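Here are a few friendly notes to read alongside the model.

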Amino acid sequence: MRGRARRTCDNQVVPTVRPQVVAHRGASHELAEHTLGAYLEALDTGAGGLECDVRLTADGHLVCVHDRDLRRTAATRGIVSTMELADLSELDFAAWKNPWADLDDEAPDEDENLRGVLTLRKLLETVADYDRRVEVAIETKHPTRYGGLVEKRLVDMLRDFGWDQAGAPVRVMSFSFTALQRVERLAPEVRLVQLLDKPPAWPMLKRVIGREWIVGPGIKMLREHPRVAESIARSGRDVHVWTVNKEKDLDRCLDLGVAAVISDRPRLMLDLLEQRLGPAQ
């Protein structure tokens with residue numbers, strides 16, 4: 001997947017690789033993030049990958065939730081790590097995205113299973129049963145009260161699916177170098193992505209991360225620090241960029257030859273790639 005773009009004489013970007021489009025928390029621009037509905041929408045658009053954040057509940061379940069508390073996405077003051085799955089399952093994780101939906105008498109009834117808390121197991125089952133290969137990028141959130149137990153439970157689940165081996169359609173991401181080291185010890189063949197949002201961290205990280213680790217910089221950092229962007233692109237590693245939602249940012253990624261773009265708007269990214277590169281093979 002590694003490669004750099006080249007430019008033609010009329011200064012058009014011609015990438016040497018077609019980046020994978022990864023749906024950030026599902027098709028989260030259109031539908032509530034981390035809901036099954038958002039992920040099914042992303043699959044229907046043709047996204048090549050799905051991205052999710054995982055946290056551990058008080059009774060040991062991995063759930064797809066970004067924030068440590070539920071004020072933003074479920075209108076409650078609860079903390080994910082102190083609640084059991086049964087309690088989370090009673091909450092509506094989609095109402096915040098369209099708070100006036102109940103006033104629309106003509107809106108079709110929506111399956112409640114598409115609006116509730118989504119377990120990682122359910123997401124992986126959905127991907128495993130899909131009619132084409134779809135990859136899953138799983139981010140472990142830190143700091144957390146459970147520390148390394150999150151990575152242990154995650155690797156145990158990947159083993160349940162047989163996805164702890166080389167070639168599996170999963171990769172594990174984190175801003176925590178220590179968390180990724182844990183995964184490497186537990187499952188050496190699982191692909192790892194070192195997330196990065198602060199330019200000063202790159203000179204140190206590039207010396208210590210594994211040779212085959214992927215680098216995951218934020219698009220804002222790449223925009224504001226072009227020298228760092230070029231250094232990452234020249235590192236010989238696959239680069240997966242988050243969160244790419246604008247045409248100009250996709251073009252920057254194409255220019256750098258990145259291997260994947262993680263977007264809230266996978267349909268838009270796929271349409272733009274088709275305009276630039278033609279239909280996917």
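Predicted model: local features only at pLDDT ≥ 70, side-chain atom pairs only at ≥ 80, totals over all residues.

1. Residues are numbered from 1 along each chain as its sequence is written, and side-chain values use heavy atoms, leaving out hydrogens and water.

2. You will find three cavities of 30 Å³ or more. A cavity here is a set of points on a 1 Å grid over the protein atoms alone where a 1.4 Å probe fits but cannot get out, and lining residues have an atom within 4 Å of a point. A volume is the space filled by probe spheres set on the points, which are joined across faces, edges and corners.

3. The largest cavity has a volume of about 70 Å³. Its lining includes E33, H34, C64, F93 and L118, and divides into five nonpolar, five polar and one charged residue. Ala, Val, Leu, Ile, Met, Phe, Trp, Tyr, Cys and Pro count as nonpolar, Asp, Glu, Lys and Arg as charged, and the others, Gly among them, as polar.

4. The second largest cavity, of about 40 Å³, has a lining of eight nonpolar, no polar and no charged residues. Helix 9 (residues 226-233) gives the largest share of this lining, three residues; helices (H or I, at least four residues) and strands (E, at least two) are DSSP runs, numbered from the N terminus.

5. In helix 6 (residues 177-186), A179, L180 and V183 are the buried residues (under 20% relative accessible area, 1.4 Å probe, protein chains only). Seen down the helix axis, they fall within an arc of 95 degrees, so they line one face of helix 6; the arc is that of the directions from the axis to the C-beta atoms. These buried residues pack against strand 6 (135-140), helix 5 (149-160), strand 7 (170-174) and strand 8 (191-196), with contact meaning heavy atoms within 4.5 Å.

Terms used. 1 Å grid on protein atoms, 1.4 Å probe; cavity = no way out; pocket = protein on both sides within 12 Å on 5 of 7 lines; lining within 4 Å. Buried < 20%, exposed > 50% of the residue type's maximum accessible area, 1.4 Å probe, protein only.
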